[in-house]
Amino acid sequence: MIIVTGAAGFIGSILCEQLLNTGHQVLGIDSYYNNYPKWIKNYHLRNCTGNPNFIFLENNILDPNISKLIEGLNITCIVHLADIPGVTACSEVNFDEYITYNITATQRLLESIKNKGIKKLIYASSSTVYGNGKHIPMAEVHNAKPISLYGVSKLMGETLCHYYGSSYNIDVDILRFFTVYGPHQRPDMAFHKFIKNILMNEEIKIYGDGTQSRDFIYVKDICEVILMMIKYDKKYDIMNLGGGFSLSVNDSIEIIEELTNKKAKIAYIDPINEEQIFTHASVEKMDEIIPVERKTDIYKGLKEQINYIKFLYGFIEK
């Protein structure tokens, strides 16, 4: 059985579907943290609930009873996706909450599985740990120097994984996600907001001048990598998951305009200091698992996300 924390979230819900489709038994855990409406998270799990190979627990991994729940199950791997996301949402004011959910919760989960015979844990980290490094593309060997408190929280999670992995013989793989997009993307994320606002003829607010760029990776490509990592007993340590290319905010909006056949209304506002100016992943490790020709093209991926948003908000009936 595979445990997926954050199972009702963006990547977690897609991963649960793909695990079930490939014959795995899945225990999904999610606390339904209130960063966006619960009905959307339930919608994301609609293809999992009812499947006899899927067990869902609405539970917080901070709960000390989690250890007892894990004890009685034949767990082969844990994919730890649960956290409070969001670079701009995390600040000095609310950092205590990020410490609790992103750092302490990770430590509690690791503590609960030590000496339990669970040999593999996959931890979802973030490209935010790199900050605005001098080296491009950003490679796993480069020093992590986050410029956001969210990035600090993810780097602390990585450090905990290294400690428990080496101390208790747990095979820990750390995945540094770059900008993930596609169906089920959170409502606070850029592409979700851009597509929804364009479809509704509402204004899009862009921080800075829109020339800042991101390395984008389609959500199902990420899940395919995780599936392969579960399947093959190989230790990857730290791995970037990205597309290996960068696209500016302005260029991404132009693609969405083309695919929706609608013009965006854009308001440029002051930039945010904590946001990276650009990201670009070194993906040599990832390419060993899912080579370039198998990665989803940005036009195809955005078309899928546009259709998802149309269904989600009732622009068209499925």
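This is a predicted model: local features need pLDDT of at least 70, side-chain atom pairs count only at pLDDT 80 or more; totals for chains, interfaces and linings use all residues.

Residues are numbered from 1 along each chain as its sequence is written, and side-chain values use heavy atoms, leaving out hydrogens and water.

**The whole chain**

- You can find 10 helices and 12 strands in the chain (DSSP runs numbered from the N terminus: H or I of at least four residues for helices, E of at least two for strands).
- The radius of gyration is 19 Å, close to the 20 Å that the globule rule gives for 318 residues, so the chain is as compact as a globular protein of that length. This radius is taken over C-alpha atoms, and the rule is 2.2 Å times the number of residues to the power 0.38.
- Along its principal axes, the C-alpha trace spans about 55 × 45 × 45 Å.
- Of the 318 residues, 54% count as buried (under 20% relative accessible area; exposed is over 50%, partly exposed in between, with a 1.4 Å probe and protein chains only).
- Among contacts (heavy atoms within 4.5 Å) with a separation of 6 or more, 82% join residues 24 or more positions apart.

**Lys114**

- Look for Lys114 in the loop between helix 4 (95-113) and strand 5 (120-126).
- Lys114 is buried, its relative accessible area being 19%.
- Beyond its neighbours within four places in sequence, Lys114 is in contact with Tyr164, Tyr168 and Ile170.

**Gly131**

- Gly131 sits in the loop between strand 5 and helix 5 (149-168), and is buried at 0% relative accessibility.
- Not counting residues up to four places away in sequence, Gly131 touches Met138, Lys145, Pro146, Ile147 and Gln276.

**Ile253**

- Ile253 belongs to helix 8 (residues 249-260) and is buried, at 1% relative accessible area.
- Although Ile253 and Phe191 are 62 residues apart in sequence, their C-alpha atoms are 8.4 Å apart in space.
- Apart from neighbours within four places in sequence, Ile253 is in contact with Phe194, Ile206, Ala264 and Ile266.
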